[in-house]
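Thanks, everyone, for making the time.

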Amino acid sequence: MFNKMIMFAASLASRGLGNKKTDLQTKQLRVLSCFGGLQVNTPCPYLKESSVEPQKYFCNKCGCGDKKHTWLMQNNEEYSKLDYPILNCPLKMPGFSNYDPNHKPAEIRDRKEQIEQIDPENLQYIQVTLGASEEKERIIDQVNKIIENT
């Protein structure tokens with residue numbers, strides 16, 4: 001329990017007063033580790049949907065519970081748990097501060113190996129916020145205008 005409190009304090013300190021966030025590629029790797037995607041067909045076995053807010057998810061392994069500040073993904077303007085520059089995963093998955101390529105319990109071995117084999121270039125296809133992205137909406141609008149003008 002004491003170790004979890006220390007890690008939580010480290011995460012809060014890494015966020016700072018200015019809501020500093022991790023880089024995009026790290027967050028994409030964290031989303032892949034938690035939710036799956038690309039060639040990783042299954043989410044983490046400890047991913048749990050919130051009973052407070054449907055379509056929000058939290059880690060049921062780390063012990064943080066189902067609270068707004070522990071939801072793994074949020075809407076664009078909100079800070080999510082996966083945004084913290086320093087963030088540990090109880091399974092030591094890729095993208096997290098405590099990632100350990102040698103830590104492969106049977107329950108996650110296949111998933112972890114799949115994630116480790118992902119081409120980093122493909123991470124760009126991982127959505128890191130909930131809802132439609134502004135860039136996708138802008139592109140769709142541009143395509144619709146082109147179609148209307150032809």
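Predicted model: local features only at pLDDT ≥ 70, side-chain atom pairs only at ≥ 80, totals over all residues.

The side chains of E78 and K56 meet in a salt bridge, with 4.0 Å from N to O, where a salt bridge is a side-chain nitrogen of Lys or Arg within 4 Å of a carboxyl oxygen of Asp or Glu. This pair links distant parts of the chain, since E78 is in the loop between strand 2 and helix 3, K56 is in the loop between strand 1 and strand 2, and the two are 22 residues apart. Helices (H or I, at least four residues) and strands (E, at least two) are DSSP runs, numbered from the N terminus. K56 counts as buried at 8% relative accessibility; buried means under 20% relative accessible area, exposed over 50%, and partly exposed in between, with a 1.4 Å probe and protein chains only.

Residues are numbered from 1 along each chain as its sequence is written, and side-chain values use heavy atoms, with hydrogens and water left out.

D83 counts as buried at 2% relative accessibility, whereas K21 is partly exposed at 38%.

Another salt bridge is formed by the side chains of K104 and E116, at 3.0 Å from N to O. K104 lies in the loop between strand 2 and helix 3 and E116 in helix 3, so the pair ties together parts that are twelve residues apart in sequence. Both residues are partly exposed, K104 with a relative accessible area of 23% and E116 with 26%.

Now, which side chain of opposite charge is nearest to K112, a buried residue without a salt bridge? It is E116, 5.1 Å away, where Lys and Arg count as positive and Asp and Glu as negative, with His and the chain ends not counted. K112 is in helix 3, and a polar atom of its side chain lies 2.7 Å from the backbone oxygen of K92. The backbone oxygen of D100 is likewise 2.8 Å from a polar atom of the K112 side chain. Leaving aside residues up to four places away in sequence, K112 touches several others, among them L91, M93, P94 and Y99, a contact meaning heavy atoms within 4.5 Å.

K92 is itself worth a look, as its phi is near 55°, a positive value in a residue other than glycine. K92 sits in the loop between strand 2 and helix 3 (109-116). Q55 also has a positive phi, near 70°, and its place is in the loop between strand 1 (47-49) and strand 2 (57-59). Q55 is exposed, with a relative accessible area of 61%.

To finish with the layout, the chain has four helices and two strands, following the pattern α-α-β-β-α-α along the sequence. Of its 150 residues, 32% count as buried.

Methods:
Polar contact = N/O pair within 3.5 Å; in protein donor to acceptor, adjacent residues only side chain to side chain.
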